[in-house]
Amino acid sequence: MPQQVRGVIARKKGAPVELTDIVIPDPGPGEVVVDIAACGVCHTDLTYREGGINDEFPFLLGHEAAGIVESVGPGVDSVEVGDFVVLNWRAVCGQCRACKRGRPHLCFSTFNASQKMTLTDGTELSPALGIGAFAEKTLVHAGQCTKVDSTADPAVVGLLGCGVMAGLGAAVNTGNVGRDDTVAVIGCGGVGDAAIMGASLVGARKIIAIDRDDKKLEWAKQLGATHTVNAAQADSVEAVQELTDGFGADVVIDAVGRPETWKQAFYARDLAGTVVLVGVPTPDMKLEMPLLDFFSHGGALKSSWYGDCLPERDFPTLVDLYLQGRLPLEKFVTERITIDDVEKAFDTMHGGNVLRSVVVL
């Protein structure tokens, strides 16, 4: 039977979110109902509320989540009732041209649940990134569920569902950072700090954190940065070059996603170095640069989609590293809040006072 649970929705553009009753249908073929244990408050949820993704209101917000599989639909054999899972928003299809070429991390046709969750009056909800996890329960495609070690703290490992994986993967998967590399990261919010943590994990020799906020630079040092640059007080490109014997960094990660920060990333890298764009630009942003500079600098210019991750490969490994004390994911959890406090968490986010607020249910 369909269930009635509480969930946080954005009813119209720019309006405060509200906690209301929603209806979760029984899972159909390939679908799973997950009892949510925790869900991080990501900037993407705020972007949905502000109409920055699309105008398919009302939205059921939340997507960085972990929980327990409550029920499964016909044909589901990848997870079973009682499994502890981290949710992901890129459930690979296995059939598109990217998947068939052995590049499933680029899947062009990812899965979501076919059925819609609704308000009690039958109004269909648009789940954020196909998940909608600011709710006691949610309906997702089975491929969006990755089973991990059940002893892990859901408030911590649920963050792999978006921001932490995006940043860590931008360094390790997209940027291919390796031992003895020099790395610079522009923007030290949750995604940028996850990139710093990833670079540290794989043995980068020098990790330069760049931001305009000293508090964020202090967080970056706690997650592995060896050097910091306050961009409000120094030229970022010159500072990176000075810290890399005048050459520039092997890999520069732009976790902001603005034309000016991308240009800084481009010119702060070594010849034949790599630029990774993981910060998400807005549709109106444009870039103008001399074409000759692209040719003469060589190297690689990459965009990172979800850290080029494969959840079924990456999530269990990263959770194991966390449980072994080798990956300090717990440092991203600044505060634990109730489901009633999502709107307040957005205000806190605006003030730059958290890496992540996490709703615990």
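**View 1. Cysteine 145, a buried residue of the predicted model.** Cysteine 145 has a relative accessible area of 8% and therefore counts as buried, a term that stands for under 20% relative accessible area, with exposed meaning over 50% and partly exposed in between (1.4 Å probe, protein chains only). This is a predicted model, in which local features need pLDDT of at least 70 and side-chain atom pairs count only at pLDDT 80 or more, whereas totals for chains, interfaces and linings use all residues. Residues are numbered from 1 along each chain as its sequence is written, and side-chain values use heavy atoms, without hydrogens and water.

**View 2. Cysteine sulfurs without a disulfide.** The structure holds zero disulfides, a disulfide being a pair of cysteine sulfur atoms within 2.5 Å. For cysteine 145 the nearest cysteine sulfur, that of cysteine 39, is 13 Å away. The sulfur of cysteine 96 is 3.7 Å from that of cysteine 99, its closest cysteine sulfur, which is too far for a bond; cysteine 96 is buried, at 10% relative accessibility.

**View 3. Leucine 87 in the largest nonpolar core.** This core (buried Ala, Val, Leu, Ile, Met, Phe, Trp, Tyr and Cys residues joined through side-chain atoms within 4.5 Å) has 32 residues, and Val32 and Leu87 have the most contacts inside it. Leaving aside neighbours within four places in sequence, leucine 87 is in contact (heavy atoms within 4.5 Å) with residues including Val34, Ile131, Cys145 and Phe315.
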